[in-house]
Amino acid sequence: MNAGKLANYTNGKAQRLRSTLYLCAKESPTRRFHALYDKIYRPDILAEAWKRVKSKNGSGGIDRQTIDEIVYDYGEREFLNELYLELKENQFRPNPVRRTYISKGNGKTRPLGIPTIKDRVAQMATKLVLEPIFETDFQDCSYGFRPKRNAHQAIAKIKKASKKSAWVVDADIKGYFDNINQDKLMRLVKMRISDRRVLKLIRKWLRAGIMEDGHFRDSVTGVPQGGVISPLLSNIYLNVLDSLWNKKFAHLGQIVRYADDFVIMCSTKQQALESIQVLRGIMKKLNLTLSPEKSRLVNIWDNTDGFDFLGLHHRKFPILIKGGYKIHVMSHIPSKKAMKKMREKIKEYVGKNNKLSLDIEDLIIGLNRKLQGFKNYYLTSPIAKKWLNRIDWYVLERLTIFWNRKRNKRHKHSKMGEVIEMTKYKLVKLAS
């Protein structure tokens, strides 16, 4: 990533600072930065950090302070002035994160650690300062939680690599965020950062602990999944994997990583088997383990098997070319899990009782925002239209149920033709 692209990621003075840090780090790969702490509480950096945290409108931490309370009751200027003074005078004390759980869609849950708003802004300010430095060290194979990088770029890399690949190592790290070795992580941070106050601040967040159901628990390993700075720290940790692979083992296959999910595209089965052994060795070095239930070896020579990655199922589908020959080309369709999640979100949105007071046209306006998001992400190839067309029909089914409930009709699935005509040219179609 060049300095120009990074500069466009922020505005004004904060933009120029990030650009300068990026160029300095790029010019000297071994340089350690020693005067960064005062940059974190700079008013322009704190203002930019607050703007980003505010735009997410997340829930409060253990103190239950919300974004709206800061904006309408406490005052944004007062909030930022208070944080500025606490950081400047070394009086800032991170709070434990509030433990909550989100559904993974398979009956299991994923733990999240939600920091307070004040901690989130301080973490964002720290991330703004540190990110451009570490960006110069990150490898091109990494796509998750990085400026100007996204899942579609990772998918495009998989498609390109599949032309020379017949085997895929579909890897999953067991409990990654909870098992990061904090001491090793800090040693990696110290390779670029020598400012003791910055290092102490990061260590405080790592050791802040977890509050769950009124009980406090120490956090001696891992980084809280849900913290603003956690994605950057997790990328720093797994950059060891990326760097080692690209330097010593790239001959075995091409690695594509998004956060803690990654695949290795290999030409032969032997290369794939060797890759698994190498991965186990690197994971041991990082005090991590591959999940035996979720990691697997996949043959993608034809359309008999595929693998799920980033919400999509990747498989080589057959196509006919001139002369009647059949070849298999990698394509990407919504995974079964993604299809189920889309249906659940549509059902939840349309099925709420408070929506019955709306006209169907007003309901569609809100629904279209969700559908457009699905379309932007999942419509990656012509083949995907077949699966998205099923979601289009499901939307019509749910709208038909809504329409019949609204009119107190006994047969909730009747009059679909009427709903189709009413929503014509108004409803976002995923498959078109």
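Where is Gly323 found? Select Gly323 and take a look: this residue is in the loop between β10 and β11, and β11 covers residues 326–334. Before we go on, keep in mind that you have a predicted model on your screen.

**Stop 1**

Gly323 and Arg343 are 20 residues apart in sequence, yet they are 41 Å apart in space, going from C-alpha to C-alpha.

Next, click on Pro318, which belongs to strand β10, residues 312–320. Buried or exposed, or something in between? Pro318 has 34% relative accessibility, so it is classed as partly exposed. Which residues does Pro318 touch, once you ignore its neighbours within four places in sequence? Show Asn303, Lys326, Ile327 and His328, because those are its contacts, with heavy atoms within 4.5 Å.

**Stop 2: a positive patch**

Time for the surface. Select Lys108, Arg110, Lys294, Lys337, Lys341, Lys345, Lys352, Arg369 and Lys370, and you have a positive surface patch. Where do these residues come from? Colour helix α14 (336–351) and helix α15 (360–378), since each of these supplies at least two residues of the patch. The largest share is from α14, with 3 residues.

Zoom in on one member, Arg369, which sits in helix α15. Arg369 is exposed, because its relative accessibility is 62% and the cut-off for exposed is over 50%.

**Stop 3: salt bridges**

Now for some charged pairs. How many salt bridges are there in this model? The count comes to 17, and we'll visit a few.

Start with Arg52 and Glu48. Their side chains meet in a salt bridge, with 3.0 Å from N to O. Both residues are in helix α4 (residues 43–56), and because they are 4 residues apart there, about one helical turn separates them. Check how covered they are: Arg52 is buried, at 13% relative accessibility, and Glu48 is buried too, at 8%. Buried here means under 20%.

Then move to Lys118 and Glu82, another salt bridge, where the closest N and O atoms are 2.4 Å apart. This pair links distant parts of the chain: Lys118 is in helix α7 (residues 117–135) and Glu82 is in helix α6 (residues 76–88), 36 residues apart. What about their surroundings? Lys118 is buried, with a relative accessible area of 16%, while Glu82 counts as partly exposed at 29%.

Your next selection is Asp305 with Arg296. They form a salt bridge too, and the closest N and O atoms are 3.5 Å apart. Asp305 is partly exposed, with a relative accessible area of 25%, and Arg296 is also partly exposed, at 36% relative accessibility.

Finish with a trio. Select Arg18, Lys127 and Glu131: salt bridges that share partners join these residues into one network.

Note on methods: Residues numbered from 1 in each chain as written. Predicted model: local features only at pLDDT ≥ 70, side-chain atom pairs only at ≥ 80, totals over all residues. Heavy atoms only, no water. Patch = residues over 30% accessible without salt bridge, like charges linked within 9 Å, V, L, I, M, F, W, Y side chains within 5 Å. Areas by Shrake-Rupley, 256 points an atom, 1.4 Å probe, with all protein chains shown as cover. Salt bridge = Lys/Arg side-chain N within 4 Å of Asp/Glu carboxyl O. Lys, Arg positive; Asp, Glu negative; His and termini not counted. Charge placed at Lys NZ, Arg CZ, Asp CG, Glu CD. Buried < 20%, exposed > 50% of the residue type's maximum accessible area, 1.4 Å probe, protein only.
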